[in-house]
Amino acid sequence: MSSEEEMSQTSSASSSSSNLSTSHFIGKKEDIVKAGRVTKLVNGCRDVLVVHHQGQLYAVDVHCYHSGGALQYGDIEEFNGQLCIVCPWHKYKITLAEGESLYQAVDDPTAKPLRTYWRSKGVKQRVHKVTEVNGDVYVTLNDSGEAIESDVYQTEKYRRASLKAKPKAKPKT
């Protein structure tokens, strides 16, 4: 394939799925698949987690909307048919596709046996668009003007605080 054909193919792929000028290179798909998940500071302002699970790529803010938990350490589980990342700090369940927070609800707490079901609190975690072009993975930041709770943990103040909180390496003995 000539470089002109390759550019045309890349151009049509980007126009149909996203504009690569506003997308940010995350890494090679094969490396992300091997790692399972990667974190990256995107555009100098947003900490993003890219997850590869069951052949799909997802991107969300890396810090949980509830208390800033490190989602890169969370388990991936299915709840009510929706793939979620579970925050390792407080076990909040966040859908990877939409960023909704799920919880178990009860309509009648006096009924025996107790009947629970999964309900959404709404979108709490910002999700971002993932695009793959010729084996390269890009993220387009979700820049909707509407505030989402995970935005709180994207500030420089929080980023500095989380860097200070990292455990220091133990000296080799």
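Mentor: Terms to begin with: strands are DSSP runs of E of at least two residues, numbered from the N terminus, and two strands pair if DSSP finds at least two bridges between them. This is a predicted model, where local features need pLDDT of at least 70, side-chain atom pairs count only at pLDDT 80 or more, and totals for chains, interfaces and linings use all residues. Residues are numbered from 1 along each chain as its sequence is written, and side-chain values use heavy atoms, with hydrogens and water left out.

Trainee: How do β5 and β6 pair?
Mentor: β5 and β6 (residues 82-86) are antiparallel, with five bridges. I76 sits opposite I85 in β6.

Trainee: And which strands form the open sheet?
Mentor: The order is β5-β6-β7-β8-β9, with antiparallel pairing. β5 (75-79) and β9 (116-123) are the edge strands, each pairing on one side only.

Trainee: Other topic. Where is Q125?
Mentor: Q125 is in the loop between β9 and β10 (127-133).

Trainee: Buried or exposed, and why?
Mentor: Q125 is classed as buried because its relative accessibility is 0%; buried means under 20% relative accessible area, with a 1.4 Å probe and protein chains only.

Trainee: What does the side chain of Q125 reach?
Mentor: The backbone oxygen of D61, at 2.9 Å. A polar atom of the Q125 side chain also lies 2.8 Å from the backbone oxygen of H63.

Trainee: Which residues does Q125 touch?
Mentor: Leaving out residues up to four places away in sequence, those touched by Q125 include V60, C64, Y65, L71, I94 and I148. Contact means heavy atoms within 4.5 Å.

Technical notes. Helix = DSSP H or I, 4+ residues; strand = E, 2+ residues; numbered from the N terminus. Buried < 20%, exposed > 50% of the residue type's maximum accessible area, 1.4 Å probe, protein only. Polar contact = N/O pair within 3.5 Å; in protein donor to acceptor, adjacent residues only side chain to side chain.
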